[in-house]
There are 2 protein chains.
Amino acid sequence: MLTGNGCPKTALSIRDALEALEGRWKLLILFALSSGPKRFRQLSAEVTGITDKVLSKELKALEMNRLINRQVFDTFPPTVEYSITEHGASLEKVLEELHYWGLAHRAKIIG
Amino acid sequence: MLTGNGCPKTALSIRDALEALEGRWKLLILFALSSGPKRFRQLSAEVTGITDKVLSKELKALEMNRLINRQVFDTFPPTVEYSITEHGASLEKVLEELHYWGLAHRAKIIG
DNA sequence: GATAGTACTTTCCAATTGGATAGTAACGCA
DNA sequence: TGCGTTACTATCCAATTGGAAAGTACTATC
């Protein structure tokens with residue numbers, strides 16, 4: 001049986017979560033950052049398929065929700081490092097369950 | 001530490017999962033169905049904000065991924081009942097973790 | 001005879017998203 | 001002199017999404 005059995009209050013918190021994580025990129029970016037801080041170019045290479053424009057937009061949204069940190073180093077050419085915050089890292093379990101479910105889904109439906 | 005530490009294969013299964021669950025409605029629909037089978041009108045009332053067109057489209061996508069069942073009764077006016085499949089119910093843990101995280105997120109960031 | 005009810009589908013139109021491409025600042029290096 | 005580098009931002013344009021509203025089939029009810 002699922003948590004709260006469809007209770008409206010539970011639905012609200014799921015809505016909150018989905019709002020902060022909307023789109024197909026945010027969780028993948030967070031996952032990429034889960035293995036350590038990365039720079040813009042590294043992320044753009046690791047998160048296959050994302051364009052610069054979208055990556056830039058997603059990083060801003062993630063920063064606004066305090067899921068990642070953005071640190072600028074005063075070098076030339078400029079260096080910017082993104083890292084996951086404690087709050088972002090607390091998505092660990094969501095990511096984990098999504099991973100397991102994705103595996104099962106692929107086995108069952110896709111292939 | 002997050003599962004797999006950013007391993008590309010883990011990222012793939014997360015991608016698979018996100019693809020089946022994309023958009024802000026699918027998980028909310030599944031959550032609504034987690035408390036028992038529902039008809040179209042019930043879902044449209046319960047999943048606040050969704051329009052008929054979008055609900056219809058989402059239900060089709062969920063059915064295609066075998067996350068829900070669609071059963072038509074030969075009555076007038078027509079009756080259609082949607083219910084969650086076993087595969088759909090296996091998202092229980094994802095929904096649960098998302099719920100907990102949403103609660104924490106609201107407390108920390110939203111208000 | 002008009003209205004209500006169900007589960008959609010269709011149409012129209014506005015808004016958003018998304019991709020490709022190029023530009024910017026400022027320095028090191030050949 | 002001029003190219004490469006980084007982290008973006010800007011622009012243009014095409015494609016997709018999303019909402020509002022009405023339509024459909026058919027019966028039961030007032």
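User: What makes β2(A) and β3(A) a pair?

Analyst: Bridges do: β2(A) and β3(A) are joined by six of them, in the antiparallel sense. Two strands pair if DSSP finds at least two bridges between them, so the six bridges of β2(A) and β3(A) qualify. In β3(A), Tyr82(A) is the bridge partner of Arg70(A).

User: How do you know what counts as a strand or a helix here?

Analyst: Both are DSSP runs, numbered from the N terminus: a helix is H or I over at least four residues, and a strand is E over at least two. Please keep in mind that this is a predicted model, where local features need pLDDT of at least 70, side-chain atom pairs count only at pLDDT 80 or more, and totals for chains, interfaces and linings use all residues. Residues are numbered from 1 along each chain as its sequence is written, while chains are lettered from A and ligands numbered from 1 in the order in which they are written.

User: In what order do the three strands of the open sheet in chain A come?

Analyst: The order is β1-β3-β2, with antiparallel pairing. The edge strands are β1 (38–39) and β2 (68–73) of chain A, since each pairs on one side only.

User: How do you know that β1 and β3 of chain B pair?

Analyst: Two bridges join β1 (residues 38–39) to β3 (residues 79–84) of chain B, and these strands run antiparallel. In β3(B), Glu81(B) is the bridge partner of Arg39(B). β3(B) also pairs with β2 (residues 68–73) of chain B, antiparallel and over six bridges, and a hairpin of five residues joins β2(B) to β3(B).

User: Why is Ile29(A) called buried?

Analyst: Ile29(A), which is in helix α2 (residues 26–33) of chain A, has 25 other C-beta atoms within 10 Å. A residue is buried if 20 or more other C-beta atoms, placed from the backbone, lie within 10 Å of its own, exposed if 12 or fewer, and partly exposed in between. With 25, Ile29(A) is therefore buried.

User: What is Ile29(A) in contact with, leaving aside its neighbours within four places in sequence?

Analyst: Ile29(A) is in contact with Leu43(A), Val47(A), Glu58(A) and Leu62(A). Contact means that the C-beta atoms of two residues, placed from the backbone, lie within 7 Å.

User: Why are α1(A) and α6(B) called roughly perpendicular?

Analyst: The axes of α1 (residues 8–21) of chain A and α6(B) cross at roughly 75° and come within 7 Å. Axes are lines fitted to C-alpha atoms, for helices over the stretch in contact, and angles run from 0 to 180 degrees between N-to-C directions. Angles under 35 degrees count as roughly parallel, over 145 as roughly antiparallel, 65 to 115 as roughly perpendicular and the rest as oblique. These two helices are therefore roughly perpendicular to each other.

User: How many residues of the two chains are in contact?

Analyst: 43 residues of chain B are in contact with 43 residues of chain A. On the chain B side, the largest share, 17 residues, comes from α6(B).

User: Which residues are closest to DNA strand D?

Analyst: They are Arg39(A), Arg41(A), Pro77(A), Val80(A) and Phe76(B), out of 16 residues surrounding DNA strand D. A residue is near a strand or molecule if its C-beta atom, placed from the backbone, lies within 6 Å of it.
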